Each structure stands twice: as structure tokens, then as C-alpha cells.
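User: Could you take a close look at one part of this model for me, namely the paired strands and the charged side chains that go with them? I would like a connected account that also sets this part against the chain as a whole.

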Amino acid sequence: ILPMTFSVNAMLVSIGNEHLPSVLFFSAKKVKGLFTMIKREDPQHSLKQRITFHMKEAKLRSIPNNEFDKSKLNPNSMRCLDRRFDKNRTIFYTDVLNVMYTQDAFGCYIRSEDKEKAGLATAEPKSNIQVGLKNAKIDYGSYTDKLRSAFMRYFKPFLFINPIVYPISHGRVKYMEITMAFFGDQPAQITVPFTSTQGLSESLVIKFDSKPESIITMAIPQYVSSVAENKMEVICNFVNPRISTSLSNSISENLETDEDAIIRSSILLVNYISFSPEKWFQDSFTKCSILFERCKTKLAPYHIDFLTDLGTDFVSTYPFEETVDDIDFFQPSNFQVTLQMVDAKIQLLSKNNPLFEYIYKIRNHQRMVIRTEMFGIYLQMPSKYFHESEKEVTFTVQLNNPILKFFLPNNNMNQFRRNCYKWAHEEAEKKTEFEVNDNDQLFDSKKKFNNNNDDDD
């Protein structure tokens with residue numbers, strides 16, 4: 001019987017019912033697959049079962065469910081909930097999708113004479129999923145995250161009456177390990193849409209290279225043997241990431257490649273760990289660590305509001321049912337966020353409300369430039385008690401060997417005082433008004449007088 005191959009010209013799978021707010025549709029073309037058994041590596045390991053898929057033009061969409069009872073929606077949860085509920089979404093698209101699922105078949109054997117040998121296996125069983133994505137585009141925002149939670153609550157509810165720690169876990173798979181590798185000629189893209197406090201649809205866009213491969217790995221607990229092992233961990237390694245925003249898209253369309261990025265880096269490492277308690281009244285713990293290496297950042301004051309709106313929208317209340325405000329449903333928690341930029345250059349526009357254009361022609365405007373070996377932000381937000389009147393939030397900022405410089409634009413009047421820059425004023429008058437506004441370097445006083453290159457983009 002094995003190995004067994006199969007081929008499908010086109011595929012469409014739908015998932016949903018009247019209890020879920022959306023219906024998921026997964027489609028692909030030219031699907032090829034193989035199911036087989038793999039022999040034991042050595043006497044300590046078990047047989048393995050493996051299934052592989054190769055798909056083209058794979059897509060995951062979310063469509064609003066007309067049969068869902070909208071009276072269940074919590075209007076005090078997410079911003080503009082009705083508008084977001086009615087929106088069609090393409091959550092995921094890739095030119096090519098390769099999937100290989102491998103799991104140890106502990107205790108299994110094919111021939112009767114191998115029965116005794118199967119029982120002698122001592123290696124811990126493994127479950128592994130490897131995913132390859134070519135030129136992938138992922139759209140995953142706060143509303144999509146709430147949809148994920150809705151589907152998980154329905155299809156795999158978390159029941160505290162079931163034990164989640166198995167002291168005797170021999171023969172059980174402790175973790176499901178998932179590896180996602182991005183490849184292809186085009187950069188991969190992850191878009192994080194959200195709704196601002198003004199009700200506007202905004203998004204954060206992360207682009208990163210697929211050569212060499214950028215990788216996401218996940219470890220999801222299955223049958224762990226101790227409380228310390230009961231953790232979910234996600235590690236992201238993105239190569240040459242460029243982060244931009246949806247602010248002033250009409251301007252960024254005419255810019256050079258990555259000129260609209262507010263953060264550029266050689267490497268972006270993200271480590272997310274979530275520890276779950278065994279009992280409902282015990283503390284849960286979540287930590288998210290973000291590390292940029294050889295990072296260049298340019299920010300305006302409005303970006304702080306932008307990122308704040310993104311964060312508050314992501315942590316908004318679950319919207320698809322009324323929240324039960326009762327102590328029996330409260331779970332104490334502790335949340336930590338760490339942001340580090342190694343070998344960083346940070347440019348901050350100093351005007352309160354600069355125009356969107358300023359971030360792209362930043363050298364023409366007054367700003368503060370920070371160079372530092374390491375810039376770190378550490379945030380800790382515990383929630384220990386039900387309806388606590390005061391919460392203690394710890395916020396720490398660290399700068400290692402910082403150098404701060406303040407720059408005025410080249411056409412600032414302070415640059416012309418005492419006639420020392422009279423020639424620059426004369427040069428500026430030779431330009432038309434359009435050329436002056438469009439010129440990203442009317443004159444470079446530092447280069448002319450002291451050849452200082454600290455202000456490079």
C-alpha cells in the first residue's frame with residue numbers, strides 16, 4: 001500500500017459553522033502529495049510516518065459568516081467592530097507552499113517479528129512540521145488574531161478538568177515543532193492592519209529577504225511532563241527587515257526602494273514565550289523579546305501615537321462574546337516586553353507635528369540623532385489581582401555609550417547668521433521654489449567645512 005501518492009488539480013477547503021464569526025477558505029492549485037513510513041534510525045528510535053504536500057498559488061481567506069448571531073458581539077471590545085466584521089480578508093498567499101509533516105509512530109511496527117523491537121525504543125517521540133513559503137504575503141492583524149482565538153476556542157477548547165502535565169510522559173509527544181522557511185526571488189511581506197483611535201484603517205508593514213532564508217520556528221506543548229515544560233515558544237529570524245507604515249501611502253509610492261522605511265536592520269530576532277499554569281488561579285507569564293542588529297531608525301512624534309494605537313488594538317477585549325466580569329474567570333498574569341537595538345542610529349524629528357513628507361527627506365529638517373552601541377526598552381506589566389485599583393508598571397530605558405547630536409536643516413536661518421553662510425543663501429536663491437522643496441541637500445555645511453559623515457541616511 002505504501003508509499004501512496006496523490007495529485008489534485010485544484011482544491012478548496014472551507015471551515016466554519018454558525019457559531020463562528022467567519023468562514024475560512026483555503027485554496028490551492030496543482031496539489032501533489034506523498035504518504036509513507038520511514039524505517040527506524042536505530043534501535044532507540046521508532047518508526048516514522050510522513051506526509052508531504054506541494055501546492056501552487058496557496059491562499060487562505062476569511063469571509064464574514066452571515067449565519068453568525070451578531071447580537072453576541074461585544075461593542076465595547078474592538079474599535080469599529082461592525083465595519084471590521086463585514087470585511088473580506090486574504091490572510092495568507094504564497095506562490096508555492098511545501099509542507100512536510102513527520103511524527104514518530106511510537107510502539108508501531110510493520111512486520112510481526114518487529115513487535116518486540118518496537119517496545120524497546122527509548123528516544124522521545126517527536127512531531128515536526130516543516131513549511132516552505134515562496135514569495136509569501138501574510139496579513140495578520142488584531143482582528144485576525146481574535147478570529148484565530150475564536151476557532152481555537154471552538155475546535156480545541158482549553159479544559160482545566162483535563163490534566164495538562166503528565167509526570168509519566170514516556171511514549172507521548174511533548175512538543176509539536178513547526179518550522180516556516182521563506183524563500184523566493186521577491187521579499188516576503190507581513191502586514192499588521194489595525195484601527196486607530198480615530199477610526200482609521202492603518203497598518204504596519206514588515207518586508208524581509210528570502211535569500212538567505214528567513215525562518216520562524218514554533219514549539220507548541222502537547223503532553224509535557226512538568227509545569228516548566230508547559231510553554232509555547234515562537235522564534236523569528238528575519239534577514240534585512242524593513243519596517244514601514246501606512247501613513248501617507250500616496251507619497252511613498254513615488255519613493256525609491258525602502259526609502260519610506262522607519263526601521264532598517266540587518267537582522268531582526270523575535271522571541272515569544274508563553275507559560276501556562278496548570279491551575280486556573282496560578283499566574284500565567286508571557287515574554288516578548290525583540291532584537292535589531294545594525295539598526296537605523298527614523299521616527300516622528302506621530303509614529304509614537306501610531307505604534308500606541310497598534311498595541312492597544314491588539315490587546316483589546318475578545319469581541320465575539322460578552323466578557324464575564326467575575327473573579328472566577330480572572331487569571332493573574334505577567335507580561336514583559338524587551339526591545340533592543342544593537343549598533344543603532346536613531347533619528348528623531350523634533351517638531352511636534354511634522355508633515356508626513358519630512359520622514360522621507362529627514363536631512364532637510366531639525367532633528368536629534370542618537371548613536372549608541374545598544375538601545376534597550378524594558379517593560380513589565382503584571383496583573384495580579386481582580387479589579388485592582390492600581391497597577392505597577394515598570395518601564396526602563398538603557399543606552400550604552402550614546403552620542404547625541406542636534407541638527408538644523410540647511411536652509412534654517414541660524415545657518416545664515418554672521419554672513420558665514422552667505423554663499424549658501426545665494427546658492428539657494430538660484431533654485432526655484434519647487435526645486436528648493438524637492439532638493440534633499442541644498443548644501444552640506446558639514447561636508448564643506450569639516451567633512452563630518454555622521455549625518456548619512
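Analyst: A residue is called buried when its relative accessible area is under 20%, and exposed when that area is over 50%, with partly exposed covering what lies in between. By that rule, buried residues make up 40% of the 457 residues in the protein chain, and it should be kept in mind throughout that the model is predicted. The chain exposes about 26500 Å², of which carbon and sulfur atoms supply 54%. Its secondary structure comes to eight helices and 18 strands. Among contacts between residues at least 6 apart in sequence, 76% join residues at least 24 apart.

Against that background, the part to look at is strand S4, which covers residues 89-105. S4 pairs with strand S3 (residues 47-64) in the antiparallel sense, over 15 bridges, and within this pairing Leu 47 has Ala 105 of S4 as its bridge partner. S4 is also joined by eight bridges to strand S5 (residues 127-134), again running antiparallel; here Asn 98 stands opposite Gly 132 in S5. Two bridges join S4 to strand S6 (residues 137-139), and these two strands run antiparallel as well, with Phe 92 standing opposite Ile 138 in S6. As a general point, side chains in a regular strand alternate between the two faces of the sheet.

Side chains of opposite charge can pair when their charged atoms come close. The side chains of Lys 48 and Asp 104 meet in a salt bridge, with 3.3 Å from N to O. Because Lys 48 lies in strand S3 and Asp 104 in strand S4, this pair ties together parts that are 56 residues apart in sequence. Both Lys 48 and Asp 104 are buried. Lys 48 forms a salt bridge with Glu 41 too, where the closest N and O atoms are 2.7 Å apart.

Finally, the nonpolar side chains. The largest nonpolar core has 48 residues, of which Leu 97, Leu 133, Phe 182 and Met 341 touch the most other members. Apart from this core lies another, of 14 residues, among them Leu 20, Met 78, Phe 151 and Phe 320. As for Met 341, once its neighbours within four places in sequence are left aside, its contacts are Ile 263, Phe 292, Cys 295, Thr 297, Ile 346, Glu 373, Met 374 and Phe 375.

Note on methods
Residues are numbered from 1 along each chain as its sequence is written. This is a predicted model: local features need pLDDT of at least 70, side-chain atom pairs count only at pLDDT 80 or more; totals for chains, interfaces and linings use all residues. Side-chain values use heavy atoms; hydrogens and water are left out. A nonpolar core is a set of buried Ala, Val, Leu, Ile, Met, Phe, Trp, Tyr and Cys residues joined through side-chain atoms within 4.5 Å. Buried means under 20% relative accessible area, exposed over 50%, partly exposed in between (1.4 Å probe, protein chains only). Contact means heavy atoms within 4.5 Å. Helices (H or I, at least four residues) and strands (E, at least two) are DSSP runs, numbered from the N terminus. Accessible areas come from the Shrake-Rupley method with a 1.4 Å probe; for residues, only the protein chains shown count as cover. Two strands pair if DSSP finds at least two bridges between them. A salt bridge is a side-chain nitrogen of Lys or Arg within 4 Å of a carboxyl oxygen of Asp or Glu.
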